[in-house]
Amino acid sequence: PPPPPNSLWVLCLNLFGYSYNSDYLQKLLRSSPKSHQDSMAHKGNKSFLPSKDCVVCGKPFTWRKKWEKCWDEVKYCSDRCRKQKGNS
């Protein structure tokens with residue numbers, strides 16, 4: 001069911017030429033927005049990617065596409081840490 005109209009809401013509707021009982025408005029109010037869980041897996045969200053800790057600096061780093069085939073062998077978060085591996 002649509003939410004009960006309050007005076008500000010009804011005023012805004014009237015300004016834009018809608019009445020509270022218009023079919024278009026009722027359809028908009030009945031349509032459910034996307035759930036938060038559906039939007040969690042959008043492109044760019046790194047929280048679902050695996051991560052590891054760098055063996056040199058100890059900082060966590062996440063999976064990258066270029067490491068797709070060799071993720072099990074990846075030990076360092078950056079070239080800098082990879083070059084420092086012998087100095088530690």
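**Figure 1. Phe-61 as a buried residue of the predicted model.** Phe-61 is buried, with a relative accessible area of 8%. Buried means under 20% relative accessible area, exposed means over 50%, and partly exposed lies in between (1.4 Å probe, protein chains only). The structure is a predicted model, in which local features need pLDDT of at least 70 and side-chain atom pairs count only at pLDDT 80 or more, while totals for chains, interfaces and linings use all residues. Residues are numbered from 1 along each chain as its sequence is written, and side-chain values use heavy atoms, with hydrogens and water left out.

**Figure 2. The aromatic cluster of Phe-61, Trp-67 and Trp-71.** These three residues form one aromatic cluster. Rings of Phe, Tyr and Trp (its six-membered ring) pair if their centres lie within 6.5 Å; planes under 30 degrees apart count as stacked, over 60 as edge-to-face and the rest as tilted. Under this rule the protein has three aromatic pairs. In one of them, the ring centres of Phe-61 and Trp-67 are 5.6 Å apart and the planes stand at 75 degrees, so the pair is edge-to-face. Both Phe-61 and Trp-67 are buried. Phe-61 also forms an edge-to-face pair with Trp-71, at 6.0 Å centre to centre and with 75 degrees between the planes. Phe-61 belongs to strand E2 and Trp-71 to the loop between E2 and H4, so this pair ties together parts that are ten residues apart in sequence. Trp-71 is buried as well, with a relative accessible area of 13%.

**Figure 3. Lys-52 over the ring of Trp-71.** Lys-52 lies over the face of Trp-71, at 4.6 Å from the ring centre. A charge sits over a ring if NZ of Lys or CZ of Arg is within 6 Å of the ring centre and within 35 degrees of the ring normal.

Figure 4. Val-74 lies in the loop between strand E2 (60-62) and helix H4 (79-84). Helices (H or I, at least four residues) and strands (E, at least two) are DSSP runs, numbered from the N terminus. With a relative accessible area of 11%, Val-74 is buried. Leaving aside residues up to four places away in sequence, Val-74 touches Lys-52, Phe-61 and Trp-67; contact means heavy atoms within 4.5 Å. Val-74 and Lys-52 are 22 residues apart along the chain, and their C-alpha atoms are separated by 8.8 Å.

**Figure 5. Cys-54 in the loop between E1 and E2.** Cys-54 lies in this loop and is buried, with a relative accessible area of 4%. Its contacts, not counting residues up to four places away in sequence, are Lys-59, Phe-61, Lys-75, Tyr-76, Cys-77 and Cys-81. Although Cys-54 and Tyr-76 are 22 residues apart in sequence, they are 4.9 Å apart in space, C-alpha to C-alpha.

**Figure 6. Cysteines without a disulfide.** A disulfide is a covalent bond between the sulfur atoms of two cysteines. Here a disulfide is counted as a pair of cysteine sulfur atoms within 2.5 Å, and the count comes to zero. Cys-77 is in no disulfide; the nearest cysteine sulfur, that of Cys-57, is 3.7 Å away. Cys-77 counts as buried, at 18% relative accessibility, whereas Cys-70, at 30%, counts as partly exposed.

**Figure 7. Asn-87 in the segment after H4.** Asn-87 lies in the segment that follows helix H4. The residue is exposed, with a relative accessible area of 68%. Asn-87 and Val-56 are 31 residues apart along the chain, and 9.6 Å separates their C-alpha atoms.

**Figure 8. The setting of the close-up views.** The protein has four helices and two strands, which follow the pattern α-α-α-β-β-α along the sequence. Buried residues make up 14% of its 88 residues. The mean pLDDT, the predictor's confidence in each residue from 0 to 100, is 75, and 56% of the residues reach 70 or more. Among the elements, strand E1 (residues 51-53) has the highest mean pLDDT (93) and helix H3 (residues 36-40) the lowest (51). Where pLDDT is low, the predicted coordinates should not be read in detail.
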